[in-house]
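Me: I have a model open and want to learn how to read it. Can we go through it feature by feature?

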Amino acid sequence: MILAGDVGATKTTLGLFRSDGAKLSPVSVRKFLNRDYGSFDAVLDDFLTSRNGWTTVCFGIAGPVLEGHVAVTNLHWDIDISALVTRFSAARVRVINDVEATAYGIDALAADDLLTLNVGVEDPCAPAALIASGTGLGESILLPRGTMRVPYPAEAGHADFAPNTAIEAELLQYLWKRYKHVSWDRVLSGPGLRLIYEFLRDTGRGTEQPALAEKMLTEDAAAVISQAALNESCEICTKALDTFTAIYGSEAGNLALRALARGGLYVGGGIAPRIVSKLADGVFLRAFCAKGRMTSLLESIPVRVILNDQAGLLGAARYASSQLLS
């Protein structure tokens with residue numbers, strides 16, 4: 001039995017799986033809102049009541065896995081890996097980055113778990129890449145190793161944000177007044193969508209609707225903005241989502257160039273499935289390909305959106321399963 005987990009800043013998904021060689025069968029899967037728990041241990045306590053018998057444990061956690069612990073990005077949880085090893089002393093315990101886990105999950109996805117934005121020409125022997133926006137931004141390069149690709153953890157989302165248009169340059173100037181450091185993670189995330197909205201509002205590029213402003217005080221602001229944009233009920237929300245999507249495409253193209261990702265560029269994370277119609281309307285792909293002398297190269301790279309929100313959990317389970325066989 002495998003115990004797997006996908007631990008993000010906003011929510012945690014835990015699952016028990018049976019492994020039969022390369023096949024994984026879910027036994028139990030639950031999602032938890034992290035705001036309802038004071039620690040990761042409390043989430044585990046809730047899920048694992050009266051359960052035991054796992055031989056391998058793997059958690060994909062949002063944050064760098066360094067020196068035996070993970071400080072969860074955008075959440076006040078500090079997870080001690082040695083404490084997890086002690087807790088699950090009868091099992092093999094592995095902790096990896098959450099985007100790394102999502103990358104491991106790609107090969108476990110069905111055809112209808114992916115939406116193709118650009119068919120391109122896939123080279124199965126070349127690197128691929130994953131960019132994933134949610135509460136924060138994660139990126140990973142998948143390097144070929146034999147018949148598979150192995151993802152490598154990174155914190156590239158915290159690199160400096162680089163504007164690509166005049167309005168994005170103004171956005172950067174606006175954000176510099178709030179933050180000492182403006183990263184891609186700051187802009188290209190759920191909180192970032194709200195910041196883009198506030199920038200447009202505060203610079204006179206749209207009028208705020210009082211009802212929506214009130215709604216954003218009690219609900220997920222990014223979800224409110226994106227939904228209003230998708231149903232075309234708020235002009236400033238539409239502009240915010242357009243700007244966000246163009247920035248997303250631009251950084252995805254940057255990652256594809258850094259990786260020379262002729263094996264494909266995957267778009268994951270919690271936001272993509274919720275704005276899939278916007279990702280597919282051309283704004284994302286135009287920004288992705290707009291790389292000057294490298295435009296034709298970008299046009300040849302397959303681009304796919306991950307629609308399955310359990311890709312990270314599946315990846316953690318697949319990684320655990322590979323440890324059973326090693």
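**Reading the model**

Reply: Strand 6 (residues 69-71) pairs with strand 7 in the antiparallel sense, over 3 bridges. Strands here are DSSP runs of E, at least two residues, and helices are runs of H or I, at least four, numbered from the N terminus. Two strands pair if DSSP finds at least two bridges between them. This is a predicted model: local features need pLDDT of at least 70 and side-chain atom pairs pLDDT 80 or more, while totals for chains, interfaces and linings use all residues. Residues are numbered from 1 along each chain as its sequence is written, and side-chain values use heavy atoms, with hydrogens and water left out.

Me: Which residue is the bridge partner of Val70 in strand 7?

Reply: Ile79 is the partner of Val70.

Me: What is the strand order in the open sheet of 3 strands?

Reply: The order is 5-6-7, with antiparallel pairing. Strand 5 (65-66) and strand 7 (78-80) stand at the edges with a single partner strand each, so one side of each has no neighbour in the sheet.

Me: How many disulfides does the structure hold?

Reply: A disulfide is a covalent bond between the sulfur atoms of two cysteines. The test is a pair of cysteine sulfurs within 2.5 Å. The structure holds 0. Cys234 is in no disulfide; its nearest cysteine sulfur, that of Cys237, is 3.0 Å away.

Me: Is Cys234 buried or exposed?

Reply: Buried, at 2% relative accessibility. Cys237 is buried too, at 1%. The cut-offs are under 20% relative accessible area for buried, over 50% for exposed, and partly exposed in between (1.4 Å probe, protein chains only). Of the 326 residues of the protein chain, 51% count as buried.

Me: How much space lies in the largest pocket?

Reply: Rolling a probe the size of a water molecule over the atoms shows where empty space is left. A pocket is an open set of points on a 1 Å grid over the protein atoms alone, where a 1.4 Å probe fits, with protein on both sides within 12 Å along at least five of seven lines; lining residues have an atom within 4 Å of a point. The volume is the space filled by probe spheres set on the points, which are joined across faces, edges and corners. Here the largest pocket holds about 1,200 Å³.

Me: Which residues are closest to the centre of the largest pocket?

Reply: Ala9, Thr10, Gly134, Thr135 and Gly136, out of 48 lining residues. Elements that give two or more residues to the lining include strand 2 (11-20) and helix 13 (311-325).
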